[in-house]
Structure formats: structure tokens, C-alpha cells
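Please read it alongside the sequence and the coordinates.

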Amino acid sequence: TLQAALHTRLDRLAPIRQIIQVAALLGRVFDADLLIAVSQRNVAAVRRALLDLIEAELIYPRRNPNCESYQFKHALIQDAAIGTLLRNQRAELHRQIAIALIKLRADAVERNPELLAHHLQEAGDWGGALEHWQKAGVAAMARAASREAVSHFDKAINCSERLCDVSGGAERITRLHLAMATALMQAEGYRSDRLGRELEDARRAAGKT
């Protein structure tokens with residue numbers, strides 16, 4: 001019932017539906033410049049849409065000295081907006097968001113590769129997502145965030161499996177399973193059940209190289 005009510009409110013904002021859809025894919029908190037770049041609307045149109053969304057009590061402005069940012073009032077609103085998109089529409093918008101991040105947030109992507117990895121994965125760019133999830137895992141290990149590293153390496157393994165048996169695939173997946181095992185040792189200890197499975201997966205993958 002709540003989801004239906006939210007969809008009804010979104011339907012009333014049909015002329016600016018694409019704006020809220022892009023905003024929802026950008027995240028619970030999103031920046032105006034990225035929204036403008038991805039929506040491919042002129043600045044005035046986006047600002048009018050943002051005012052309409054504030055008036056509709058769907059988003060509110062955040063205090064951010066570095067850029068103009070907004071936040072969805074509730075995660076359910078964000079989820080409802082994403083739910084109005086077809087799968088191919090979502091993938092295309094994620095692809096455009098990835099392009100905008102590379103262009104406008106190069107430093108942030110360098111520091112936090114997972115920002116870009118998520119959108120590349122959702123866009124179906126398995127190779128690009130794999131590269132950045134792996135970078136994110138390595139970075140997490142460097143700052144002793146082993147549980148984050150486990151999550152990032154798990155996503156990298158998933159993307160690698162999507163690439164199937166391309167050249168060097170067995171060697172790559174072996175390295176990923178070993179990296180995952182190292183992260184698991186730190187996050188869960190040597191008695192971790194997952195650790196044994198990762199080492200066995202690494203052994204099997206190494207046998208295919």
C-alpha cells in the first residue's frame with residue numbers, strides 16, 4: 001500500500017519523472033551537477049524540477065560547502081523511483097552515470113573505485129566493473145577494512161564469472177579467490193568456513209590455467 005501511494009505521487013510528477021529516476025540511481029544523496037550531466041537537461045529545467053520535488057516533500061537540500069546536494073526523504077521514495085524504470089533503461093542510465101563520474105569526479109573515483117564499479121556493474125560492463133571492484137578491494141585491504149574488502153572481492157569474482165572463459169580468465173579468477181581468502185583470514189579468522197571454500201575455488205581455477 002505504501003509503495004502504491006508513492007507510485008501515485010510519482011505519477012503526478014510525470015513531466016519530471018526522468019529527473020527523479022536519475023537522482024534515485026545516483027544515490028540516497030545526490031549532487032546537482034551530476035544530475036544535470038546525466039539527465040541531459042538544461043540547468044534551469046533541472047532546478048525547476050528540484051524545486052518541484054522539494055515542494056512535493058520527496059527530497060530536501062543538504063548543507064554541503066563543496067557542492068549543491070540533495071537527499072531523498074526516505075529510502076522507499078528512492079526505491080519507488082527506481083522501480084518505475086525498465087531494466088534496459090536502468091542499465092543505460094547507469095552507463096551515463098559512470099561516464100559522468102569519470103568526467104566530473106575523477107579524484108573521488110580514484111580514492112573510492114567502488115563508486116564507479118557499482119554503476120559499471122549495473123550497466124552490464126563486467127570488465128570495467130571487475131577492474132574497479134578489484135581496485136576497491138585492494139584499497140580496502142590497505143586501510144585494514146577487511147570486511148569491505150571481502151564484499152568488493154566478492155563482487156569482482158561475480159563480474160569475472162560473467163566474463164566466462166576469456167583469455168586469462170582462469171589466472172584472473174585464481175588471483176581473485178586468493179585475494180578474497182586473504183581478506184577472509186583477516187575478517188573472519190582461519191576457522192572461517194568461507195575461507196576453505198575460497199581456497200578450494202582458487203585451487204580448481206589454478207588447475208585450468
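Two strands are taken to pair if DSSP finds at least two bridges between them. In this predicted model, strand E1 and strand E3 (residues 69-72) are joined by 3 bridges and run antiparallel.

**The sheet**

- Strands E1, E3 and E2 form, in that order, an open sheet of 3 strands whose pairing is antiparallel.
- The edges are taken by strand E1 (29-31) and strand E2 (59-62), each of which pairs on one side only.
- From one strand to the next, the twist averages 30 degrees.
- Within the pairing of E1 with E3, Asp31 has Ser69 of E3 as its bridge partner.

**The helix across the sheet**

- Helix H4, which spans residues 43-55, lies across E1, E2 and E3, and its direction makes an angle of about 115 degrees with E2.

**The second largest pocket**

- The second largest pocket holds about 320 Å³ of space, and of the 16 residues in its lining, those closest to the centre are Leu26, Val29, Leu101, Leu115 and His119.
- Two or more lining residues come from each of E1, helix H6 (87-104) and helix H8 (114-122), so that strand E1 is both an edge strand of the sheet and a contributor to this pocket.
- Helix H8 gives the most to the lining of the second largest pocket, namely 4 residues.
- Sorted by class, the lining of this pocket comprises 9 nonpolar, 4 polar and 3 charged residues.

Methods. Residues are numbered from 1 along each chain as its sequence is written. This is a predicted model: local features need pLDDT of at least 70, side-chain atom pairs count only at pLDDT 80 or more; totals for chains, interfaces and linings use all residues. Side-chain values use heavy atoms; hydrogens and water are left out. Axes are lines fitted to C-alpha atoms, for helices over the stretch in contact, and angles run from 0 to 180 degrees between N-to-C directions. Contact means heavy atoms within 4.5 Å. On a 1 Å grid over the protein atoms alone, a cavity is a set of points where a 1.4 Å probe fits but cannot get out, and a pocket is an open set with protein on both sides within 12 Å along at least five of seven lines; lining residues have an atom within 4 Å of a point. Grid points are joined across faces, edges and corners, and a volume is the space filled by probe spheres set on the points. Ala, Val, Leu, Ile, Met, Phe, Trp, Tyr, Cys and Pro count as nonpolar, Asp, Glu, Lys and Arg as charged, and the others, Gly among them, as polar.
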